[in-house]
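Thank you all for coming.

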Amino acid sequence: MQIERRHARTVPARPRGYREGVRTKAILLALLLVLSGCGSNEVPVTVKPTRSEGPDVLPIKLKALSTDQCYLAPGTESPKGCQKYVTELSSAAGSVRKRRPDLSAQADLLDRPISVFRTANCQDQAAPGGPCGQALGDMAAALTSVKSLVGG
């Protein structure tokens, strides 16, 4: 008895690379759907920030900086621990220039010891004193001067 084998496979075999082709088509379709929204005629809305005419924050910032231990005791503080104070002080010097152009020379006096602090890599110095302690002391003196002129 002989059995005839006809049409053993009723589903045709898939060609090589079939999965990759389907995956590529799916990715292209998704990309097309995403990009189809980009060509719409809608104009993007731009929001312009408005400046509120509230109180001047510069005196508040200077007052806050003058309560920091790096200001109060610059010779005993670790320069490494004063990095955030120095960064905020540098920002304050920029604010002085922007809000009070008449005090640019005092802002320069504030920037000089900050530059010395950064050039000497004081942010890596754990021991208080030395040139880093001197730079912190000079920052404190400059901050006192600027604060009195700004009125904080």
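Against which helices do the buried residues of H4 pack? Before I answer, please keep in mind that this is a predicted model, in which local features need pLDDT of at least 70 and side-chain atom pairs count only at pLDDT 80 or more, while totals for chains, interfaces and linings use all residues. Residues are numbered from 1 along each chain as its sequence is written, and side-chain values use heavy atoms, with hydrogens and water left out.

The buried residues of H4 pack against helix H2 (58-65), helix H3 (69-72), helix H5 (104-119) and H6, where contact means heavy atoms within 4.5 Å. The chain has 6 helices and 0 strands, and these are DSSP runs numbered from the N terminus, with helices being H or I of at least four residues and strands being E of at least two.

Let me turn to H4 itself. At 1.5 Å a residue, its 17 residues should span 24 Å, and this agrees with its end C-alpha atoms, which are 24 Å apart; the expected span is 1.5 Å times one less than the number of residues. Tyr85, Val86, Leu89, Ala92, Ala93 and Val96 of H4 are buried, which is to say under 20% relative accessible area, whereas exposed is over 50% and partly exposed lies in between, with a 1.4 Å probe and protein chains only. Seen down the axis of H4, these buried residues fall within an arc of 115°, so they line one face of the helix; the arc is taken from the directions from the helix axis to the C-beta atoms. An α-helix has 3.6 residues a turn, so residues three or four places apart point the same way. On the other side of H4, Lys84 and Lys98 are exposed.

How do H4 and H6 pack, and at what angle? Helix H4 (residues 83-99) and helix H6 (residues 130-150) pack at an angle of about 35°, with their axes 12 Å apart, the axes being lines fitted to C-alpha atoms over the stretch in contact and the angles running from 0 to 180 degrees between N-to-C directions. From H4, the contact is made by Tyr85, Val86, Leu89 and Val96, and from H6 by Leu136, Met139, Ala140, Leu143 and Val146.

Finally, Gly130 is found in helix H6 and is exposed, with a relative accessible area of 52%.
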